[in-house]
Amino acid sequence: MRKFLAALVLTSVLVLPFPALNAQRKTPKATKAAPVSVASQRGADEITAAQLKNYLYFIASDEMEGRDTPSRGLDTTAKFLAMNLSRWGLKPAGDESTYFQRIALRRDLVDKMQTRVQLSGQTLTLGDDYIPLPRAGDVSGQLVFAGNGWLIKSKNIDAYKGVDPKGKIAVIFSSPDELPRGASRGDIAGKRGEDWMTPAEYAQKQGAVGIVQIPDFQYLANWDRNRQRLTERGMTLVEKFQTQAGPQPPAIVAAPKLANALFQGERQNATSIFEAAFGGSEMPGPFALSPEKQMTITVVNKTDPVSTQNVVAIFEGSDPVLKDEYVALGAHYDHIGIGIPVNGDAIYNGADDDGSGTTALLSIAEALSKAPIRPKRSVLFVWHAGEEKGLWGSRYFTDNPTIPLDHIVTQINIDMIGRSRKEGDTNSRNRELSGPNEIYVIGSRMMSTELGDLSEAVNKGYLNLSFNYRYDDPNDPNRFFFRSDHFNYARKGIPIIFFFDGEHEDYHRPGDSPDKIDYQKMEKVVRTVYMTLWEIANRPTRPRVDKQLPPQLIN
Ligand SMILES: [Zn+2]
């Protein structure tokens, strides 16, 4: 599951989670006996807690180093998946009869020798005065103070109200990982680019040629780490996605010394604006800085080609005609790698996120291959890379599919299904975590009533988990519908179901480790997904799409 703010802001900086709201909808208690014979004949019994635990302890081990995209740990995980798929006889469906669909990436790194920033003719020191983002450009101009940089119409936040930043460099006080003070998730509503824009998007739209960002305390406290990340590790991008967004203005993050120099002699000094932006006082409106202050930003990049891959396989259906149609199963096998240590642990194992989905797909592939009978339609497995970077793998696959996309009758996405809220848990960070017999279900009725009914009926007639639908709304302030890979299938018109356990105390932290997984719950959820996919794969007709998503949601 992708972080909320990371999904909005393009700087790829780690973000803090937000607490969510409270409300519940429960399904009635079990009354019907499960059709055990059908389930075991179809192979559902092959999926066991012990098997899931085995796989997940490998996939989420420290040796995989948090499976960043791209990384050796991610590549090793891909090989582990492919090795097993091959043993079980699944058909490779990546590039050139392999299990891998290669994704060409580009790593942009600042060329420190050629990058230069000047303020009123004085050359500033890279690293001490500023940290450049690896966005190449050579610009100069006067400066304009533009508040927090955001446009959020629902909150009357408009950073450029009354000033024209065209051809100028915008100075914004904004935390790269948080919404501006006074705005919350629910305020990010309506159409992106019209009703709301991130600081980088809004600056570009307003014609600003460059950005100087004044960061918050947290960024300043990690200044050295941030400098290292941006100037030594750089920023990785998908080569094929680059032409679409257009070049963004070059940007630097200013140290306090530079911030003070910028606001010297102005109507407000840097300290008072800083306090307004990140403390409690009132934020002054935008204004142009003294025209004597001229800034030149020259960022030169070095670029390295790198790559990653989706892992793609097919389990072929039994029906000579229907086997050309697919039920697609997806999970992301990447996570966020190695980061800021918590209690001495710097490896973000991603056992739940999304080691659990990765493992679920693997166990489903195994169960299908060992079942006495096979479903009529084929099953397409895609383990996506780069989900945490911005749903890269699913976007890449749906833009460059290795099978015809309109042959996919449904996509089921599994992202985080391994954690459960224990009775008596008072940790507020686990407040929205689903219980041992419960799972959040999102999207099953958004495009196909028939699919939603089918998913309900399978569950009711089998293990009767409590399906919680409280996030099943694209307008939910958590925006979960937009934050995992199913979204890219939905926007191509494919009906989806998304299974999710809810945010918890270890979400995007090093503590998301395999020992904290509820394997009994996982077994139940994976078996339920398995029976659901079997049902979809075996029906005479594909789930009918009877509604489309509102276009403003998917653009
Ligand atoms: Zn995640």
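Reader: To begin, is Met 1 buried or exposed?

Author: This is a predicted model, in which local features need pLDDT of at least 70, side-chain atom pairs count only at pLDDT 80 or more, and totals for chains, interfaces and linings use all residues. Residues are numbered from 1 along each chain as its sequence is written, and side-chain values use heavy atoms, with hydrogens and water left out. Buried means under 20% relative accessible area, exposed over 50%, and partly exposed in between (1.4 Å probe, protein chains only). Met 1 is buried, its relative accessible area being 0%.

Reader: Which residues are the protein donors of the zinc ion?

Author: Donors are N, O and S atoms within 2.8 Å of the metal (3.2 Å for Na, K and Ca); water is not among the atoms, so sites may look incomplete. Here the zinc ion has Met 1 (O), Asp 353 (OD), Glu 388 (OE), Glu 388 (OE) and His 508 (NE2), at 1.7 to 2.6 Å. Met 1, in the segment before α1 (36-42), and Asp 353, in helix α10 (residues 351-370), are 352 residues apart. Helices (H or I, at least four residues) and strands (E, at least two) are DSSP runs, numbered from the N terminus. Asp 353 is also buried, with a relative accessible area of 0%.

Reader: Which residues touch the most other members of the largest nonpolar core?

Author: In soluble globular proteins, nonpolar side chains tend to be buried together. A nonpolar core is a set of buried Ala, Val, Leu, Ile, Met, Phe, Trp, Tyr and Cys residues joined through side-chain atoms within 4.5 Å. In this case the core has 66 residues, and Ile 364, Phe 381 and Tyr 530 touch the most other members. Helix α15 (residues 519-538) gives the largest share of this core, 11 residues. Apart from it lies another core, of 32 residues, including Ile 314 and Leu 549.

Reader: What does Ile 364 contact beyond its neighbours within four places in sequence?

Author: Contact means heavy atoms within 4.5 Å. With those neighbours left aside, the contacts of Ile 364 are Ile 47, Leu 329, Phe 381, Val 526, Val 529, Tyr 530 and Leu 533.

Reader: Where is Leu 451 found?

Author: Leu 451 belongs to helix α13 (residues 449-460). Leu 451 is buried, with a relative accessible area of 0%.
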